[in-house]
Amino acid sequence: MIIDYGLSYPSGTATATLINGFHTPQGAKEAKEQVKTLGRYSLVSFLWGLFKWFYTAGDDCGFESFPSLGLEAYERKFYFSFSPIYVGVGMICPYIINVSILLGGILSWGLMWPLIEKKKGSWYPATAKGSDLHGLQGYKVFISIAMILGDGFYNFVKVSLRMTKAFMAAAKRRSTLPVSGSSDGPARSLDDDDLRRTEYFLRDQIPMGVALAGYVAVAAVSVGVVPKIFPQLKWYYILAVYGMAPVLAFCNAYGMGLTDWSLATTYGKLGIFVFGAWAGASHGGVIAGLAACGVMMTIVATAADLMQDFKTGYLTLASPRSMFISQVIGTAMGCVIGPCVFWLFYRAFDNVGLSGSDYPAPYAVVYRNMAIFGVQGFSSLPKHCLTLCCVVFAAAVVINLARDLAPEKVSRFIPVPMAMAIPFYLGSYFAIDMCVGSAILFVWEKVDKAGADMFARSVASGLICGEGIWSMPQSVLALAKVQPPICMKFLSRSTNARVDAFIQTLSSKT
């Protein structure tokens with residue numbers, strides 16, 4: 001893929017360009033300044049996280065519960081959450097992504113959900129609680145799923161068609177590279193740098209026998225171990241996943257090389273529906289679908305990510321064997337560190353993964369309900385929800401098609417459906433923060449374009465890292481039952497109404 005077909009792998013190429021820039025005198029100087037900026041803003045973000053913690057002694061306390069845009073907007077999830085992480089992410093993400101997320105929040109929480117709420121008692125039971133999928137929650141979850149599936153379906157078809165066309169064209173004109181020994185077809189000209197990269201890259205190849213033996217060994221371990229963890233996922237389901245995965249992994253790795261777009265989540269959703277329906281509702285189809293999705297996504301995503309890294313290694317004259325060994329070591333460390341971090345968060349914070357908690361894990365809800373939908377079918381949807389889902393699915397396809405067909409001057413203003421779907425379930429509070437990050441970057445680029453180009457990503461990364469690092473001592477404090485000293489509460493709607501009533505009584509007496 002890297003040498004014979006010359007796939008670009010844009011993210012891997014960009015990373016290699018950055019790394020190569022560090023090894024020039026000018027690049028080293030710039031890198032030193034960027035590291036200083038990263039450390040400075042990481043410290044600022046860390047201290048801000050510590051400062052916010054002091055005011056969160058109870059529920060709905062602290063700056064993250066501040067109704068900055070008013071009480072009505074706060075109840076509709078429109079407020080600034082004072083999160084350096086989201087501000088930093090907004091500085092990194094393209095403007096259209098941040099605007100798309102905000103637009104999705106406005107369409108859902110500002111328009112669709114209030115209108116559907118008025119149908120309470122008609123479209124869904126009036127007694128339905130907030131988390132009931134047969135109530136308003138069902139519309140939020142399944143409509144967001146429909147938009148995600150529509151976007152994924154369109155990109156899957158687009159990447160598949162593009163990949164097939166490119167693969168067939170490349171097969172017809174197979175390159176006669178000096179390293180391949182083939183003499184048929186036109187030769188692709190290579191400069192001295194490419195020749196040297198190719199020589200280094202092929203010097204430490206991983207033997208095919210090792211790769212096949214490793215895959216068979218991992219498959220055997222999975223077949224034996226995963227059903228012990230998830231009894232609903234039978235051993236032959238795992239065997240089927242490992243039989244399908246190489247083809248899907250190749251497609252995903254090839255597609256990422258062309259478009260920089262990983263479709264691992266799309267293949268995972270395919271696993272949810274296939275294996276969930278295969279197991280059936282009476283045999284734990286929901287758990288089986290989710291577990292199969294996890295296994296398939298891991299294989300397919302790893303293939304594409306590893307190819308990105310190999311592209312970086314190819315351009316930086318790194319040994320692919322040493323890179324692969326480093327990946328194995330990192331994976332082994334992750335097998336220990338990942339569960340430990342999860343256990344720490346699970347024990348330290350209440351209701352991890354539930355809506356309204358510090359860590360709501362929104363995609364967990366989305367994927368679980370995909371599994372329910374795959375097993376139970378349309379009967380699990382509330383009234384008119386299927387019609388709305390079809391409309392949103394079609395809208396996602398049409399919007400994507402418009403983005404691809406419109407001229408560049410127009411397409412860059414058309415929103416991205418996948419980004420629009422994210423706030424359908426969560427709300428727009430993080431979109432507000434991300435748009436603040438975009439505004440900061442926009443003003444910075446207008447005032448000092450060169451400075452923004454050099455330091456904007458360092459500032460953004462520092463904001464993200466600092467508060468992220470603070471979450472670790474915060475979880476330790478929570479695990480040790482150390483509570484913040486202050487609960488800074490803001491007036492709720494009910495409290496505000498009582499205050500207004502009290503003021504009115506005073507004014508009537510006077």
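## Exercises on cysteines and burial

In this structure, Cys61 and Cys487 form a disulfide, with 1.8 Å between their sulfur atoms. The model is predicted, so local features need pLDDT of at least 70 and side-chain atom pairs count only at pLDDT 80 or more, while totals for chains, interfaces and linings use all residues. Residues are numbered from 1 along each chain as its sequence is written, and side-chain values use heavy atoms, leaving out hydrogens and water.

**Exercise 1.** Find the handedness of the disulfide of Cys61 and Cys487.

*Solution.* Start with the criterion: a disulfide is a pair of cysteine sulfur atoms within 2.5 Å. A search of the whole structure finds one. Next take the torsion about the S-S bond of Cys61 and Cys487, which is about -55°, so the disulfide is left-handed.

**Exercise 2.** Classify Cys61 and Cys487 by accessibility.

*Solution.* Buried means under 20% relative accessible area, exposed over 50%, and partly exposed in between (1.4 Å probe, protein chains only). Cys61 has 7% and is therefore buried. Cys487 has 34%, so Cys487 is partly exposed.

**Exercise 3.** Describe the surroundings of Ser45.

*Solution.* First, Ser45 is buried, at 1% relative accessibility. Then list its contacts (heavy atoms within 4.5 Å). Leaving aside residues up to four places away in sequence, Ser45 touches Pro84, Gly462, Leu463, Gly466 and Glu467.
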